[in-house]
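Work through the following exercises with the sequence and the model side by side, beginning with the overall fold and ending with a single residue.

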Amino acid sequence: MSELLTAAIAPESRNGNGQHPPVEKPLLTVDELVVEFGSARRGAVQAVSGVSFQVERGETLGVVGESGSGKTTLGRAIMQLERARSGTVRLGEVELTALS
(Lines give C-alpha, C1' and ligand atoms only; values in the text may rest on other atoms or scores of the structure.)
Protein backbone atom coordinates (compact mmCIF):
# COMPACT_ATOMS: atom_id res chain seq x y z
CA MET A 1 0.00 0.00 0.00
CA SER A 2 2.76 2.50 0.88
CA GLU A 3 4.52 1.81 -2.46
CA LEU A 4 1.30 2.60 -4.30
CA LEU A 5 0.87 5.83 -2.35
CA THR A 6 4.48 6.86 -3.03
CA ALA A 7 4.10 6.13 -6.75
CA ALA A 8 0.88 8.13 -6.87
CA ILE A 9 2.35 11.12 -5.07
CA ALA A 10 5.62 11.39 -7.03
CA PRO A 11 5.69 9.13 -10.08
CA GLU A 12 8.21 11.37 -11.86
CA SER A 13 10.74 10.84 -9.07
CA ARG A 14 11.29 7.16 -9.94
CA ASN A 15 13.72 5.82 -12.51
CA GLY A 16 13.01 2.95 -14.94
CA ASN A 17 13.67 0.31 -12.27
CA GLY A 18 11.05 1.72 -9.92
CA GLN A 19 13.79 2.99 -7.60
CA HIS A 20 14.16 6.56 -6.41
CA PRO A 21 17.22 8.28 -7.89
CA PRO A 22 19.84 9.47 -5.40
CA VAL A 23 19.09 12.90 -3.97
CA GLU A 24 21.82 15.39 -4.79
CA LYS A 25 22.86 17.80 -2.09
CA PRO A 26 23.21 21.48 -2.94
CA LEU A 27 26.58 22.54 -4.30
CA LEU A 28 26.77 25.50 -1.90
CA THR A 29 24.76 26.09 1.27
CA VAL A 30 25.05 29.28 3.31
CA ASP A 31 23.05 29.25 6.56
CA GLU A 32 22.52 32.25 8.87
CA LEU A 33 25.92 33.78 8.04
CA VAL A 34 26.94 36.79 10.17
CA VAL A 35 30.13 38.82 9.66
CA GLU A 36 31.05 41.67 11.99
CA PHE A 37 33.82 44.24 11.99
CA GLY A 38 35.03 46.08 15.08
CA SER A 39 35.12 49.84 15.23
CA ALA A 40 36.51 51.93 18.09
CA ARG A 41 33.82 54.58 17.61
CA ARG A 42 30.79 52.44 16.78
CA GLY A 43 31.64 49.08 18.35
CA ALA A 44 30.75 45.95 16.35
CA VAL A 45 29.22 46.60 12.93
CA GLN A 46 27.37 43.77 11.16
CA ALA A 47 28.42 43.80 7.50
CA VAL A 48 26.47 40.58 6.80
CA SER A 49 23.48 39.71 8.97
CA GLY A 50 21.83 36.28 8.88
CA VAL A 51 22.22 35.48 5.16
CA SER A 52 20.96 32.05 4.02
CA PHE A 53 20.71 30.48 0.55
CA GLN A 54 21.45 27.35 -1.45
CA VAL A 55 22.95 26.99 -4.92
CA GLU A 56 22.23 23.74 -6.78
CA ARG A 57 24.46 22.29 -9.48
CA GLY A 58 23.93 24.17 -12.74
CA GLU A 59 22.40 27.22 -11.03
CA THR A 60 23.76 30.76 -11.01
CA LEU A 61 23.27 33.18 -8.13
CA GLY A 62 23.45 36.95 -8.44
CA VAL A 63 23.91 39.17 -5.39
CA VAL A 64 22.71 42.75 -5.80
CA GLY A 65 22.54 45.67 -3.41
CA GLU A 66 23.59 49.21 -2.77
CA SER A 67 27.18 50.24 -2.31
CA GLY A 68 28.33 49.20 1.16
CA SER A 69 25.54 46.65 1.65
CA GLY A 70 27.91 43.70 2.25
CA LYS A 71 28.07 41.97 -1.15
CA THR A 72 31.87 41.76 -1.23
CA THR A 73 32.05 40.80 2.46
CA LEU A 74 29.54 38.01 1.80
CA GLY A 75 31.66 36.67 -1.06
CA ARG A 76 34.85 36.90 1.01
CA ALA A 77 33.17 35.09 3.93
CA ILE A 78 31.95 32.31 1.62
CA MET A 79 35.54 31.87 0.38
CA GLN A 80 36.78 32.00 4.01
CA LEU A 81 38.82 35.16 3.41
CA GLU A 82 36.81 36.82 6.20
CA ARG A 83 35.86 34.90 9.36
CA ALA A 84 32.15 34.71 10.08
CA ARG A 85 31.01 35.43 13.62
CA SER A 86 28.32 32.78 13.24
CA GLY A 87 26.56 30.66 10.65
CA THR A 88 27.84 28.00 8.29
CA VAL A 89 29.14 27.71 4.74
CA ARG A 90 29.05 24.23 3.21
CA LEU A 91 30.58 23.33 -0.15
CA GLY A 92 29.07 19.96 -1.01
CA GLU A 93 29.83 17.76 1.99
CA VAL A 94 32.53 20.03 3.47
CA GLU A 95 31.66 22.62 6.10
CA LEU A 96 34.11 25.40 5.28
CA THR A 97 33.42 27.41 8.43
CA ALA A 98 34.63 24.47 10.54
CA LEU A 99 38.06 24.46 8.86
CA SER A 100 40.89 26.26 10.64
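Predicted model: local features only at pLDDT ≥ 70, side-chain atom pairs only at ≥ 80, totals over all residues.

**Exercise 1.** Describe the protein as a whole through its buried residues, its contacts and its accessible surface.

Solution. Begin with burial: of the 100 residues in the protein, 20% are buried. Turn next to the contacts with a separation of 6 or more, of which 45% are between residues 24 or more positions apart. Finally, the accessible surface amounts to about 7,500 Å², and carbon and sulfur atoms account for 53% of that surface.

**Exercise 2.** Locate Thr97 relative to strand E4, decide whether Thr97 is buried or exposed, and identify what surrounds Thr97.

Solution. Step one places Thr97 in the segment that follows strand E4, which spans 94–95. Step two takes the relative accessible area of Thr97, which is 18%; because buried means under 20%, Thr97 counts as buried. Step three leaves aside residues up to four places away in sequence, and finds that Thr97 touches Gln80, Arg83, Gly87, Thr88 and Val89. Step four looks at polar atoms: a polar atom of the Thr97 side chain lies 3.4 Å from the backbone nitrogen of Val89, while the side chains of Thr97 and Glu95 are joined by a polar contact of 3.2 Å.

How values were computed
Residues numbered from 1 in each chain as written. Heavy atoms only, no water. Helix = DSSP H or I, 4+ residues; strand = E, 2+ residues; numbered from the N terminus. Buried < 20%, exposed > 50% of the residue type's maximum accessible area, 1.4 Å probe, protein only. Polar contact = N/O pair within 3.5 Å; in protein donor to acceptor, adjacent residues only side chain to side chain. Contact = heavy atoms within 4.5 Å. Areas by Shrake-Rupley, 256 points an atom, 1.4 Å probe, with all protein chains shown as cover.
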